[in-house]
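Please find below my notes on the model shown here. They go from the fold as a whole to a single residue.

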Amino acid sequence: MKRLNKEFPDPQAPLTHRNAFELLLAVILSAQCTDARVNTITPLLFPKDRPCTPEDILALGEETVRKIIFPTGYFNSKTKAILGCAQRILELGQVPDSFEELIKLPGVGGKTAQVVLAQWFKQDTFPVDTHIHRVANRLGLANSGKNRDKTERQVKASVPKEHWSALHLQLVFHGRKTCTAAKPKCRSCPLNDLCLWPEKNL
Ligand code: SF4
């Protein structure tokens, strides 16, 4: 963690947002889509001059939302989730700040809820995406096969709670920059001597 803190001090959420509602919608859009692409789509969905509200999304309507988000893939289910969340959050008055309430929102699963809790509400959560799953297993922080839930449990068991939220972002960034799926840059990796992956440096 000391080395990752040096490599990625003050890691910031990769999805552009100005409030919890924008982050929630951006995370929904990021399913099976890159953050970079989502960041090109959300400026078309959100007002330019102020943070987006549920009313803004409901005013756009289903057809317009579907057209805007089309390039992110799975646009039918994402449109349903986005409009459903807008409606529900309008009724609630705000984006909920608990896991139990977030996963009751339409189209919001455990990982989406944890990302919002970690990146907006700064709560101690550790959502596992494809990068974290790969990097944690290579490093030896986890030994979980294809089971991401197990990765989450194993990393949480060995890392103090107050570091979960930052470590989650740092492992994502490390996975994108250095410990890439194909051809990881092991020779320049700051964690090389700690890493347990037998194929490192090959
Ligand atoms: S040494 Fe290679 S496999 Fe291990 S964490 Fe670094 S980049 Fe990933």
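**Notes on the predicted model**

1. From the N terminus on, the elements run α-α-α-α-α-α-α-α-α-α. The chain has 10 helices and zero strands (DSSP runs numbered from the N terminus, helices being H or I of at least four residues and strands E of at least two).

2. This is a predicted model, in which local features need pLDDT of at least 70 and side-chain atom pairs count only at pLDDT 80 or more, while totals for chains, interfaces and linings use all residues. Residues are numbered from 1 along each chain as its sequence is written, and side-chain values use heavy atoms, with hydrogens and water left out.

3. The C-alpha trace spans about 55 × 30 × 30 Å along its principal axes.

4. Of the 202 residues, 47% count as buried (under 20% relative accessible area, 1.4 Å probe, protein chains only).

5. Lys200 deserves a look. Lys200 is found in the segment after helix 10 (164-177). Lys200 is buried yet has no salt bridge (a side-chain nitrogen of Lys or Arg within 4 Å of a carboxyl oxygen of Asp or Glu). The nearest side chain of opposite charge is Asp193, 7.0 Å away (Lys and Arg count as positive, Asp and Glu as negative; His and the chain ends are not counted).

6. Leaving aside neighbours within four places in sequence, Lys200 is in contact (heavy atoms within 4.5 Å) with Cys186, Asn192, Asp193 and Cys195.

Methods:
Buried means under 20% relative accessible area, exposed over 50%, partly exposed in between (1.4 Å probe, protein chains only).
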